[in-house]
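Welcome! Here is a friendly briefing to read alongside the sequence and the 3D view.

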Amino acid sequence: MIDFSLTEEQQALKEMAHEFAEKEMRPAAAHYDRGEEFPAEIMKKAFEAGFLTSTVPAEYGGGGLGDLDTVILSEELAWGCAGMYTSMMANSLALTPIILSGTEEQKKRFLVPVTKEMTFASYCLTEREAGSDTTSIRTTARKNGSEYIINGSKCFITNAGVAGLFLVFANAAPEKGPRGISAFVVPRDTPGISIGKVEDKMGHRASNTAEIFFEDVPVPAANMLGREGHGFLAAMKTFDRTRPAVGAAGVGVARAALEYAVAYSKTRVQFGRPIASFQNTAFTIAQMATEVEAARHLVRHAAWLIENGKPSGKESAMAKCFASDVAMKVSLEALQIYGGYGYMRDYPVEKLVRDAKLLQIYEGTNEIQRLVISREVIGPIVK
Ligand SMILES: Cc1cc2nc3c(=O)[nH]c(=O)nc-3n(C[C@H](O)[C@H](O)[C@H](O)COP(=O)(O)OP(=O)(O)OC[C@H]3O[C@@H](n4cnc5c(N)ncnc54)[C@H](O)[C@@H]3O)c2cc1C
């Protein structure tokens, strides 16, 4: 049986998240966007509401949300402010490898404390020379007795400047290529870690994005997730799990743009009529609404597949790619409906355009998503 309705718990979660987005995030979004300031006070409230540890299983003190719950939550929070949402989501991204690949002891040691005291975590994969090609990372982890010594640097790392915990991908056996990549949990106070340039970004300006350097950073072997060489698989399994939430953020941004466009088109009068009464505007809005619905269905279906343990790599990639493209397209349409006012910072839609763009880039660009999708759809090509 197909059932598209939300459970009572999911409906309550959606309402709770919406109220938070509307009361705490929306009113402050323009302020933090303009100042490119980290919204510490709002994050404190988000922590108290459980949004920073929502995907941590309940037995370790987290929210224990399933994949469908997570996309419902993500849509609402990104509707409030995509930049603030990115900081919250980056926490889940960094904690997911521990949830998926950590031992019982590691889960207790790393997950329980972050549910007790507000802690930001960063997922440290990208490097200057290794973006889409994650297999070519140059950060190394040299075994030294019961420790690994990490050397290298990462760039574009969300939360890096505020994080207490880093999930670092480093190669423990460079001669083995990607099969040497391993994942390590590295507390911020480990000697040898320094934060570099904080990026001045086009959008998501309420989130902190920075470079991070590792110089002879000693990490106990007990902080490695899985066995040596398991890191690349851990990174890919993490993305398969978290990409629908990026899609959901796209739905949230697109829905916000649609709502603004509808409201504006009913009040803006030209040629003696509200612009909503021009067929061009009305049909554009109809198309925007259709695409938001389509994106939401793709996102929820991908989340449903994951939650039910079914193969989901292709659908996760489709959800992320399609929904972030919808966010880009719908926010641009909303800006056009606002006309010249849409171009001005006094109005909310230009921020949505800037925010939508990043969703097409991080957690794997949409070209990389199309690579994942096409490989699965086409299968092996016999020459
Ligand atoms: C604000 C922000 C926050 C981020 N947060 C994090 C984070 O927390 N942790 C983290 O590890 N990373 C993070 N990233 C990095 C992000 O995941 C990378 O920017 C992204 O994966 C692309 O890598 P790149 O920027 O090096 O682009 P490149 O890989 O250099 O790509 C450049 C262009 O080439 C295209 N391209 C590359 N390879 C192919 C191919 N095989 N086929 C077709 N097209 C291709 C790309 O799609 C893109 O259009 C963040 C990035 C930004 C901008």
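## A first look

Helix H7 supplies 6 residues to the lining of the second largest pocket, the largest share of that lining. This is a predicted model, where local features need pLDDT of at least 70, side-chain atom pairs count only at pLDDT 80 or more, and totals for chains, interfaces and linings use all residues. Residues are numbered from 1 along each chain as its sequence is written, and side-chain values use heavy atoms, with hydrogens and water left out.

**The second largest pocket**

- A pocket here is an open set of points on a 1 Å grid over the protein atoms alone, where a 1.4 Å probe fits, with protein on both sides within 12 Å along at least five of seven lines; lining residues have an atom within 4 Å of a point.
- The second largest pocket holds about 410 Å³ of space, a volume being the space filled by probe spheres set on the points.
- Its lining has 16 residues, and Asp3, Phe4, Arg300, His301 and Trp304 lie nearest the centre.
- Helix H3 (67–80) and helix H7 (279–307) are the elements that give two or more residues to this lining; helices (H or I, at least four residues) and strands (E, at least two) are DSSP runs numbered from the N terminus.
- By class, this lining divides into 7 nonpolar, 5 polar and 4 charged residues, with Gly counted among the polar ones.

**The largest pocket**

- About 1100 Å³ of space lies in the largest pocket.
- There are 42 lining residues, and Thr126, Ile361, Tyr362, Glu363 and Gly364 are the closest to the centre of this pocket.
- Elements giving two or more residues to this lining include strand S3 (147–158), helix H8 (313–338) and helix H10 (366–378).
- The lining comprises 17 nonpolar, 14 polar and 11 charged residues.

**The largest nonpolar core**

- A nonpolar core is a set of buried Ala, Val, Leu, Ile, Met, Phe, Trp, Tyr and Cys residues joined through side-chain atoms within 4.5 Å.
- Met84, Met88 and Ile150 touch the most other members of the largest core, which has 109 residues.
- Helix H6 (residues 231–267) gives the most to this core, namely 14 residues.
- Leaving aside residues up to four places away in sequence, Ile150 is in contact (heavy atoms within 4.5 Å) with residues including Val168, Phe184 and Phe214.

**A closer look at Ser101**

- Ser101 sits in helix H4.
- Ser101 counts as buried because its relative accessible area is 13%, and buried means under 20% with a 1.4 Å probe, protein chains only.
- The Ser101 side chain makes a polar contact with the side chain of His230 at 3.2 Å; such a contact is a pair of N or O atoms within 3.5 Å, where within protein one must be able to donate a hydrogen and the other to accept it, and residues adjacent in sequence count only if both atoms are side-chain atoms.

Technical notes:
Buried < 20%, exposed > 50% of the residue type's maximum accessible area, 1.4 Å probe, protein only.
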